[in-house]
Amino acid sequence: MEQKYLYRKPWSGKIPWLQTLAALFGGAAAGCLCFVILFHAWRFLGPAGILLYSYIPFVVAGAVSVLLLGLKKRTGTWRFLPGRIGLRGLPRGFFRSLALWFVVISLGQMSLTLMFEWILTALGVDFPKEQEVFDLLLEGSRSAVAALVLVVVFIAPVLEELFFRRLLFALFLPMGVIPAIALQALLFGAVHFFLLGLPGLIWFGVLFQLYYLKTRSLFAPMLLHAVNNLAAVLIVLFCRMVIT
């Protein structure tokens, strides 16, 4: 891919740097406040409930960020909010490209995970082999599984793409496109707190960002992210069905 192509703005309305910063950290502050308010109620919930309610601060953070992005001195500018967020129409042939990108992302993630597992084992590092969410999908009740599917397939892709591929990328963009892609991908991998999956998650972060730049629509990485998560959930649910 040409360097010049990467420098094309993937959104229709430019957001001032300070407003991007305010949307990012204002949303984070609102999410942290919501987290503190709900903290004492979480001890009465089961593991699946904790995971579901842990996304409530994330939803609040996303809502506050979107509201801050819509603020502007001149009136009548809210109709440009989708463009400022990056929600543009999908290009022709999108679903063919979606299938191709899904294959590339999946093969890359599996390869990186297998190599990193071999490295960690050779170094004698102790690490969990599965994320907690997969254990909950295998062992949780039907209502808990439904809640987890709602979070993993629908809520997480939308909010994570907004924060990482739109806001964080825009925040780091003055440093250059390549550093911005790398930094948002590193943070995306780190916040999942899953050592074995770290290289694969960073790979996801890079490919999701490139997909956004290619299509110039945040809908594209959102859908790719959702399809990837849905495939993982279906595999786990199939294993659960076989076991039971």
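Helices (H or I, at least four residues) and strands (E, at least two) are DSSP runs, numbered from the N terminus.

## Basis of the model

The structure is a predicted model, in which local features need pLDDT of at least 70 and side-chain atom pairs count only at pLDDT 80 or more, whereas totals for chains, interfaces and linings use all residues. Residues are numbered from 1 along each chain as its sequence is written, and side-chain values use heavy atoms, with hydrogens and water left out.

## Serine 65 in helix H4

Serine 65 lies in helix H4, which spans residues 56–70. Serine 65 is buried, its relative accessible area being 0% (buried means under 20% relative accessible area, exposed over 50%, and partly exposed in between, with a 1.4 Å probe and protein chains only).

Contact means heavy atoms within 4.5 Å. Not counting residues up to four places away in sequence, serine 65 touches Ala23, Gly27, Phe163 and Leu167. Between the C-alpha atoms of serine 65 and leucine 162 the separation is 9.2 Å, and these residues are 97 residues apart along the chain.

## Positive phi in two loops

Phenylalanine 193 belongs to the loop that joins helix H9 (177–190) to helix H10 (198–215). Its phi is near 50 degrees, a positive value in a residue other than glycine. Phenylalanine 193 is exposed, with 77% relative accessible area.

Arginine 216 occupies the loop between H10 and helix H11 (219–243). For arginine 216, a residue other than glycine, phi is also positive, near 60 degrees. Arginine 216 is partly exposed, at a relative accessible area of 24%.
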